[in-house]
Amino acid sequence: MRIPAHSVCTAIRDDIVTGVHERGGRLTEEVLARRYGVSRVPVREALRTLEAEGFVVTRRHAGACVAEPTEQEAADLLEMRLLLEPLGASRAAQRRTEAHLKVLRGLVRLGQERARQGNSDDLRSLSGWFHETLAQASGSPALTSALTQLRHKIAWMYASEGPPDPVEYWAEHGAIVDAVARGDGDRARAVTALHTERATAGHRLRFAGGADRGVRPDRVRNPQHPVNMPILRH
């Protein structure tokens, strides 16, 4: 394939996340340059970026290799997400624009429609777009970048079974948007914390014998929720 030089980093990252480049595998500039149809210069720059992000490590005598995260590092990512997703929603309630709300509401409508139809493939993509837009609505480039990296790494390290009740899952998305639209930061934080915690329960480690192992409750601390948190429905 041939891709623009500025897209090399994204292409390599995507191939790491999807398992094209296996954990611990060598990443040689010459082979990558040939694969993506670019010179070695953008490949070298991409590997530096991916090393800073934690996807790549440099080993003596081996050079650049795909990182091999530990089980604890994987658990830490889920805990970070449990903390940052609610923070992003709270900030979005304070800083969102009408354009953000329009996109979020459109995604919720489409997600609810697909959930009723049982179209699970579309739901996964729509959920990703929803959370990406919610992060952007926070008005914090640093927070948006951190959440984007977390989503990439969690997709790399975990397989997700999807929500047991897609209709309820998208009702929770709707409750988040309602709170953001009202400018209620506390409510947005609370409903997002509960939503993220529920979603975390469906993750299974892809490595270290963890393919069939769920997230253990003692490995990821639960966020704090109001005692009388209601079931989230429209």
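Mentor: Begin with a term: a polar contact is a pair of N or O atoms within 3.5 Å, one able to donate a hydrogen and the other to accept it.

Trainee: What makes the pair Arg 40 and Glu 29 a polar contact?

Mentor: The side chain of Arg 40 comes to 3.4 Å from the side chain of Glu 29. The cut-off is 3.5 Å, so the pair falls within the limit.

Trainee: Which other residues does Arg 40 touch, leaving aside its neighbours within four places in sequence?

Mentor: Arg 40 is in contact with Glu 30 and Ala 33 as well as Glu 29. For Glu 30, the separation is ten residues in sequence and 6.4 Å in space, C-alpha to C-alpha.

Trainee: Why is Arg 40 called neither buried nor exposed?

Mentor: Its relative accessible area is 44%. Buried means under 20% and exposed means over 50%, so Arg 40 is partly exposed.

Trainee: Arg 40 lies in helix H3. How do you know what span to expect of H3?

Mentor: H3 covers residues 40–53, which is 14 residues.

Trainee: Why are the buried residues of H3 said to line one face?

Mentor: The buried residues are Pro 42, Val 43, Ala 46, Leu 47, Leu 50 and Glu 53. Seen down the helix axis they fall within an arc of 140°, so they line one face of H3. The face turned away from that side carries Arg 48 and Ala 52, which are exposed.

Trainee: What covers the buried residues of H3?

Mentor: The cover includes helices H1, H2 and H7 and strands E1 and E2. After H3 comes Gly 54, with a positive phi near 100°.

Trainee: What makes E1 and E2 a pair of strands?

Mentor: They share four bridges, in the antiparallel sense. One of the bridges joins Thr 58 to Ala 64 in E2. The two strands form a hairpin with three residues between them, and His 61 in the turn has a positive phi of about 70°.

Trainee: Why is H1 called mostly covered?

Mentor: Eight of its ten residues are buried. Among them are Val 8, Ile 12 and Ile 16, but also Arg 13 and Asp 15. What covers these buried residues includes H2, H3, E1, E2 and H7. Gly 19 follows H1 and has a positive phi, near 90°.

Trainee: How many helices and strands does the protein have?

Mentor: There are nine helices and four strands. Of the 234 residues, 46% are buried. Among contacts between residues at least 6 apart in sequence, 75% join residues at least 24 apart.

Trainee: What is the confidence in the model?

Mentor: Mean pLDDT is 87, and 87% of the residues reach 70 or more. Helix H8, residues 166–182, has a mean of 97.

Trainee: Where does pLDDT stay under 50?

Mentor: That is the case over residues 210–234, for which the model has 61 contacts beyond four places in sequence. Where pLDDT is low, the predicted coordinates should not be read in detail.

Key: Residues numbered from 1 in each chain as written. Predicted model: local features only at pLDDT ≥ 70, side-chain atom pairs only at ≥ 80, totals over all residues. Heavy atoms only, no water. pLDDT = per-residue confidence, 0-100. Contact = heavy atoms within 4.5 Å. Expected span 1.5 Å × (residues − 1). Buried < 20%, exposed > 50% of the residue type's maximum accessible area, 1.4 Å probe, protein only. Arc of directions from axis to C-beta. Pairing = 2+ DSSP bridges.
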